[in-house]
Amino acid sequence: MRMLGIDPASTNASGAVYQALNTGRGAIVAVFDVPVIGEDADRRIDVLGLVDLIQNWGVSHATIERVWAMPMHHDDATKEFRGMSSSTAFKFGLGCGALQTTVRCCGIEPRMVVPQKWKKFFNLKGSDKEDSRQLALDLFPNMAEFLQLKKNHGRAEAMLLARYGAHAHSQDAEIEP
């Protein structure tokens with residue numbers, strides 16, 4: 001089985017393919033930033049490019065992190081605005097929909113999983129992205145070249161999502177629809 005994991009981040013979505021073996025072990029065989037086309041305001045998921053990646057890597061299953069937009073609000077403690085503007089939230093939603101639809105059009109029903117569920121599997125607490133990157137480095141040392149920078153946390157989370165999805169599938173565990 002080849003499990004695709006996708007972290008649909010607000011800036012650059014990342015993907016990873018995990019090859020699960022009959023022995024219960026497996027390995028990451030591909031890591032990529034989801035292809036995009038266009039510039040600035042016209043930037044969007046390159047659906048056909050993603051289809052090519054899915055087909056070329058022989059993906060049979062997919063796990064995508066279930067995410068949601070974060071409305072803009074004023075943080076009284078820091079006196080700063082936090083969250084997404086309405087236009088950013090709309091664009092983020094379009095990107096998430098494009099990811100799910102592309103996977104589905106490849107004949108794969110994507111399984112959606114909330115961050116709390118897959119992070120609990122790995123005993124990750126909180127929202128510190130660096131913890132995910134460090135765990136991915138520990139679990140997949142041969143993929144270190146893709147995780148050199150702190151900003152590569154999306155790739156790390158895609159790897160962890162793919163491994164979680166393969167485990168859940170092999171256990172026939174129920175993943176949220």
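## Close-up views of a predicted model

**View 1. Helices α4 and α5 cross each other.** In this predicted model, the axes of helix α4 (residues 129-139) and helix α5 (residues 153-170) come within 8 Å and cross at roughly 60 degrees. Helices here are DSSP runs of H or I with at least four residues, strands are runs of E with at least two, and both are numbered from the N terminus. Axes are lines fitted to C-alpha atoms, for helices over the stretch in contact, and the angles run from 0 to 180 degrees between N-to-C directions. The two helices α4 and α5 are therefore oblique to each other; angles under 35 degrees count as roughly parallel, over 145 as roughly antiparallel, 65 to 115 as roughly perpendicular, and the rest as oblique. The crossing of α4 past α5 is left-handed, a word used if the near helix is turned anticlockwise from the far one by less than a right angle, with right-handed used if clockwise. On the α4 side, the contact is made by Lys129, Ser132, Arg133, Leu135, Ala136 and Leu139. On the α5 side, look for His153, Ala156, Glu157, Met159, Leu160 and Arg163. Contact means heavy atoms within 4.5 Å.

A word on reading these views: residues are numbered from 1 along each chain as its sequence is written, and side-chain values use heavy atoms, with hydrogens and water left out. Since the model is predicted, local features need pLDDT of at least 70 and side-chain atom pairs count only at pLDDT 80 or more, while totals for chains, interfaces and linings use all residues.

**View 2. Phe140 sits in the loop between α4 and α5.** Is Phe140 buried or exposed? Phe140 is buried, with a relative accessible area of 3%; buried means under 20%, exposed over 50%, and partly exposed in between, using a 1.4 Å probe and protein chains only. Leaving aside neighbours within four places in sequence, Phe140 is in contact with Tyr18, Ile28, Met159, Leu160 and Arg163.

**View 3. Helix α1 meets helix α2.** The axes of α1 and α2 come within 10 Å and cross at roughly 45 degrees, so the pair is oblique. This time the crossing is right-handed. Val47, Leu50, Val51 and Ile54 of α1 make the contact with Leu99, Thr102 and Val103 of α2. Helix α1 spans residues 47-56, and its buried residues are Gly49, Leu50, Val51 and Ile54. What covers these buried residues includes β1 (2-7), β3 (26-33) and α2 (86-105). Just after α1, Gly58 takes a positive phi of about 65 degrees.

**View 4. Thr102 belongs to helix α2.** Which residues does Thr102 touch, leaving aside its neighbours within four places in sequence? They are Val47, Leu50 and Val51. Thr102 is buried, with a relative accessible area of 3%. Ser132 is 30 residues away along the chain, and the C-alpha atoms of Thr102 and Ser132 are separated by 26 Å.

**View 5. Thr63 lies in strand β6 (residues 61-65).** Thr63 is buried, and its relative accessible area is 0%. Not counting residues up to four places away in sequence, Thr63 touches Met3, Leu4, Gly5, Ile6, Arg111, Val113, Leu161 and Gly165.

View 6. Asp40 lies in the loop between β4 (36-37) and β5 (44-45), and its phi is near 50 degrees, a positive value in a residue other than glycine. Asp40 counts as exposed at 66% relative accessibility. Asn123 is placed in the loop between α3 (115-121) and α4, with a positive phi near 60 degrees. At 57% relative accessibility, Asn123 is exposed too.

**View 7. Cysteines without a disulfide.** How many disulfides are there when a disulfide is a pair of cysteine sulfur atoms within 2.5 Å? The count comes to zero. The sulfur of Cys96 is 16 Å from the closest cysteine sulfur, in Cys105, which is too far for a bond. Cys105 is in no disulfide either, and the nearest cysteine sulfur, that of Cys106, is 7.3 Å away. Cys96 counts as buried at 11% relative accessibility, whereas Cys105 counts as exposed at 67%.

Notes
Disulfide = S-S within 2.5 Å.
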